[in-house]
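Please look over the sequence and the model shown here before reading on. The report that follows goes from the overall make-up of the chain to some of its parts.

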Amino acid sequence: MPFQKIQSEKLSQSVVRQIELLILRGILRPDERLPSERDLSERLGVSRPSLRDAIADLQDRGLLVSRPGSGIFVAEVLGSAFSPALVELFASHEEAVFDYIDFRRDLEGLSAERAATRASDTDLQVIDTIFRKMEAAHLKRDPSDEAALDAQFHMAIIEASHNVVMLHMMRSMFDLLRSGVFYNRQMMFRQRTTRESLLDQHRQINAALQARDPRAAREAIEAHLGYVEKAISEGNRAERNEVVARQRLEHERSR
């Protein structure tokens, strides 16, 4: 019979599994540098040869990469959720923007609901800290900072839901959001009334999560993204009307 006695696991395999889980759970992020070999071996309580074996295994499997003179980094394992051709279509068609917001409303509503019950105290502290930074950026009237923190806030909620598939999928999609493929966040933040409303909506989301109220958290997220959809629709309509008015004016001048 092809059975053999079970051997105790090599230390290097224990290291491999621990690093795999940190990547899977999104704690170690793509392009993040690992601690030095000496530091990491001390933290893990293993010898440096065992650590080297583990790192080599993870490199062979494409999870880690070595950069000469810089160290060991988590590989860019996410990539884009869409092909370049499809991204170009998204960027040029308004319909994709609203489909994307609908998709986010469904998934982020579920994430917020789960985060309200599954999040650790540390998860909730991270979310609250990001919100406090949003308040500070709001006072400085810096739309670029507000937009960046907005994305961080939403990703922190998804991370706090502790669903690894949702986490990696949404991280990939948020990269497109940050690059302005779906809509320009900074443009939304330039309007005072919109800025005030968005901050208040995030305050309500944060309050529901800190209170661990799943229903209120989901409803707050859904209301927020409904507001975003309406603001973009109205902004696009105003922009089209402005273009039409400009064209009419130019036509009258040319007569």
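The secondary structure of the chain consists of 11 helices and 2 strands, where helices (H or I, at least four residues) and strands (E, at least two) are DSSP runs numbered from the N terminus. Read from the N terminus, these elements follow the order α-α-α-β-β-α-α-α-α-α-α-α-α. This is a predicted model, in which local features need pLDDT of at least 70 and side-chain atom pairs count only at pLDDT 80 or more, while totals for chains, interfaces and linings use all residues. Residues are numbered from 1 along each chain as its sequence is written, and side-chain values use heavy atoms, with hydrogens and water left out.

Of the 255 residues of the chain, 36% count as buried; buried means under 20% relative accessible area, exposed over 50%, and partly exposed in between, with a 1.4 Å probe and protein chains only. Among contacts (heavy atoms within 4.5 Å) between residues at least 6 apart in sequence, 73% join residues at least 24 apart.

**The nonpolar cores**

A nonpolar core is a set of buried Ala, Val, Leu, Ile, Met, Phe, Trp, Tyr and Cys residues joined through side-chain atoms within 4.5 Å. The largest one has 44 residues, among which Ile 157 and Leu 209 touch the most other members. At least two residues of this core come from each of helix 5, helix 6, helix 7, helix 8, helix 9, helix 10 and helix 11, and helix 7 gives the most, with 9 residues. Apart from its neighbours within four places in sequence, Ile 157 is in contact with Ser 111, Ala 112, Ala 115, Ile 127, Ile 205, Leu 209 and Ile 221. There is also a second, separate core of 15 residues, which includes Val 16, Leu 34, Leu 40 and Ile 55.

| Helix | Number of residues | First to last C-alpha | Expected span |
|---|---|---|---|
| Helix 1 | 14 residues | 20 Å | 20 Å |
| Helix 6 | 20 residues | 29 Å | 28 Å |

Which residues of helix 1 are buried? They are Ser 12, Val 15, Val 16, Ile 19 and Ile 23, and they lie on the same side of helix 1 because they cover an arc of only 100 degrees around the axis, the arc being that of the directions from the helix axis to the C-beta atoms. An α-helix has 3.6 residues a turn, so residues three or four places apart point the same way. The buried residues of helix 1 pack against helix 2, helix 3, strand 1, strand 2 and helix 8.

In helix 6, the buried residues are Asp 123, Leu 124, Ile 127, Ile 130, Phe 131, Met 134, Ala 137 and His 138, and an arc of only 140 degrees around the axis puts them on the same side of helix 6. On the other side of helix 6, Asp 121, Thr 122, Gln 125, Leu 139 and Lys 140 are exposed.

**The strands and a loop**

Strand 1 (residues 64–67) and strand 2 (residues 71–74) pair in the antiparallel sense over 4 bridges, where pairing requires that DSSP finds at least two bridges between two strands. Leu 64 stands opposite Val 74 in strand 2. The two strands form a hairpin with 3 residues between them, and Gly 69 in the turn has a positive phi of about 85 degrees.

Ala 211 is located in the loop between helix 10 and helix 11, and Ala 211 counts as exposed because its relative accessibility is 56%.

Definitions and conventions. Expected span 1.5 Å × (residues − 1).
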